[in-house]
Amino acid sequence: MADQIDWIALAVFLFFFILVTVMGFFAARWKAGPVNEHLDEWGLGGRQFGTWITWFLVGGDFYTAYTVIAVPALVYAVGAYGFFALPYTIIVYPFVFAVMPILWKVAHANGHVTAADVVLGAHGSRGLELAVAITGMIATMPYIALQLIGMGVVIKAMGLTGELPIVAAFIILALYTYSSGLRAPALIAFVKDIMIYIVVLVAVVVVPARLGGYGAVFAAAGEAFAAKGGATGLTLKPAQMLPYATLALGSALAAFMYPHTLTGIFASKSADTIRKNAVLLPAYTLLLGLIALLGYMAYAANIKVTSNNDVVPTLFKALFPSWFAGFSFSAIAIGALVPAAVMSIGAANLFTRNVWKSYVNPDISHAGEASVAKVASLVVKVGALAFILFLPTQYALDLQLLGGLWILQTLPALVFGLFTRWFRAEGLLLGWAAGILWGSWTAWSNGLKPLASITLGGANYVFYVGLGALILNVVVAAVATVIVARISPRRAVAAS
Amino acid sequence: MWILLLLPYIGLLWVPFYNFEEPALFGFPFFYWYQLAWVPISSLLIWLVYRSRTPDAAP
C-alpha cells in the first residue's frame, strides 16, 4: 500500500518543488549585488539581511527537515527523553543574545566570513584556524546527509521508490546554490517556513480534534509506554534526568558553532538584527515542541511503523486528505533544501577562506574566492549525496552525533577570544585536541551513544559526552596556557 | 538585568523541578506545558534585557 504512488500528493509536491526551484534561480537578482565578484555576496548574501530575513533564514536552517522527522520519531520511541530538543532550543537563545552580537561586530569590522577567520584574527594561529575550519567542514557533511534522509522519507511516503528522485532534487539544489549563493536559501526559507507553520498549526488543531483531544493523545502514549516498559514514559526516569539536562545544554552551546548557523549570523545587517532574533526565534521552538508531540499523536491514531522515522509521514497520510499530505511532504522536503544549501555554503566558505586562501593561493582575489567557494559547495553536496547512496544510513547518523561533539570543541577557540585574550593559542589547540580525542573515544567505546558515565563518591553519573569533552577542553586549555605563559611570557603578535 | 538571562537555564536544567505529570493543563502533563511555557517566558526575559541595554552607537 505504501508502494502505491499517490498522484494527488505527488502533484502538489511537484508544484511547490518547481516553485522553489524557480525562486532559487531568480534569487541571484534579489537584493542584487555582484554575486560572482565577492565572497561576501555569494557566501553571505551581501551582509545585508535584516530582522525578518534573518528570522526566516536562521529559523529555516536551524530547525531542519530532519528535525521534523527525527524528533517525533525519538519521542515516539522513548517518550519524554526525546523532548530534550525543547529545552535545548530555548536555552540556546540567551546564549545567542549574549555572544553572537559580539561575534558579529568582530567579523564585520574585520571582513571575516567564517568562524575560523575570527579565530585567526583573535589568536593569530594558523594551527587553530585550520583546526576550527576542518572541524566545521567535517561536522557539516553528515548533517547535510541527514537532510537527504529526511527528504528521502517523505518521497518514499508518496510511493516513489529508488534513489533517482533524491538525486534529481539534489542536483537542482546544487545548481541554484551554485548560481545564487546564500540568497537562494534565504528566499526559499520564506516559503518553507510559512508552509511548515501551516502544516504544524493544522496538525496540532486537527489531529487532536480527530483523536479526542490532547488528554486522549497523552493517555494513549502513556499506555503504550507502560506496555513497552524500559526507559520510556511520559516523564523521565531518575537515571535520565542528568543525560536530559546535559544533552540540552551541550546541544545548545554547540548549535551556533556550526557553519550553517554562523553563516546566518555573519550575513545579518547589524548586531541588533541578531539581538532581535534572539527574542523572535523562539517562535520556532514552540513549533518544534508541537512537532515533537506528533510522536504521541501517532499512538492515539494507532499508527504502526517499521522504522521510527516513518511516524510523521504515516500519521499525515492517515489523517490528512491527499492534497494536504502532499503539501506537508513538500514542506518537509523544501525544509531539507534550505539547511542543505546553507550548510554547503558554510562549508564552502570555510574551505575557501581557511584552506584555499591560507594554504594554496594567499593572493586570491575577491572574485577568485567566490568562484572557489561555488565549486567547493558543489563538491560538498556531491560528497553528502555519495555518502547516502553508497554507505549505510547508520553511518550518517553516527557521524552526525560525533559531529555535534566535535563542533562543540571549537567553542573555547571561537567564543573565549571575544571576551578575553588570556588564553594562548597553543593551549586552545591542545584543549580542542583533548576534547575531540576523549569525546570520540568515549562515544566510540560506548557503542556510539552520546553518553559518558563517571563514578564520584560511589555514585554513578551519566551525562552528555560532548559537555564532558568541553569541560576537559577548557581545563586543558587553561593549564596549557599557564604553562606556555611561564615558558614564553611574551606572546606572538596576533596577525590581523 | 543581564542576570535575567540565567533564569531559563535554572528553570529548565534542574529537571527534578518539573519531572511529573500533575497538574495537567488542557490535557498536557506538567512536564510538557511547563517546558512549553518557558518559550514565551524566555523570549520576554531576553526582550527585557534588550530594552534595558544602551543601544549601539549609530554606524
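Me: Is helix 3 of chain A largely enclosed or left open by the rest of the structure?
Reply: Largely enclosed, because 10 of its 12 residues are buried. Buried here requires 20 or more other C-beta atoms within 10 Å of a residue's own, with C-beta atoms placed from the backbone. This is a predicted model, where local features need pLDDT of at least 70, side-chain atom pairs count only at pLDDT 80 or more, and totals for chains, interfaces and linings use all residues. Residues are numbered from 1 along each chain as its sequence is written, and chains are lettered from A in the order in which they are written.

Me: Which residues of helix 3 are buried, then?
Reply: Among them are A:W55, A:F56 and A:D61. Helices are DSSP runs (H or I, at least four residues), numbered from the N terminus.

Me: What covers those buried residues?
Reply: The cover includes helix 9 (183-211), helix 12 (259-266) and helix 16 (322-360) of chain A.

Me: New topic: where does A:Y81 lie?
Reply: In the loop between helix 4 (65-78) and helix 5 of chain A. A:Y81 is buried, with 20 other C-beta atoms within 10 Å.

Me: Which residues is A:Y81 in contact with, beyond its neighbours within four places in sequence?
Reply: A:L236, A:Q240 and A:Y244. Contact means that the C-beta atoms, placed from the backbone, lie within 7 Å.

Me: And how many residues does each chain put into the contact between A and B?
Reply: Chain A gives 31 residues and chain B gives 25. Helix 5 of chain A gives the most to chain A's side, with eight residues.

Definitions and conventions: Contact = placed C-beta atoms within 7 Å. Helix = DSSP H or I, 4+ residues; strand = E, 2+ residues; numbered from the N terminus.
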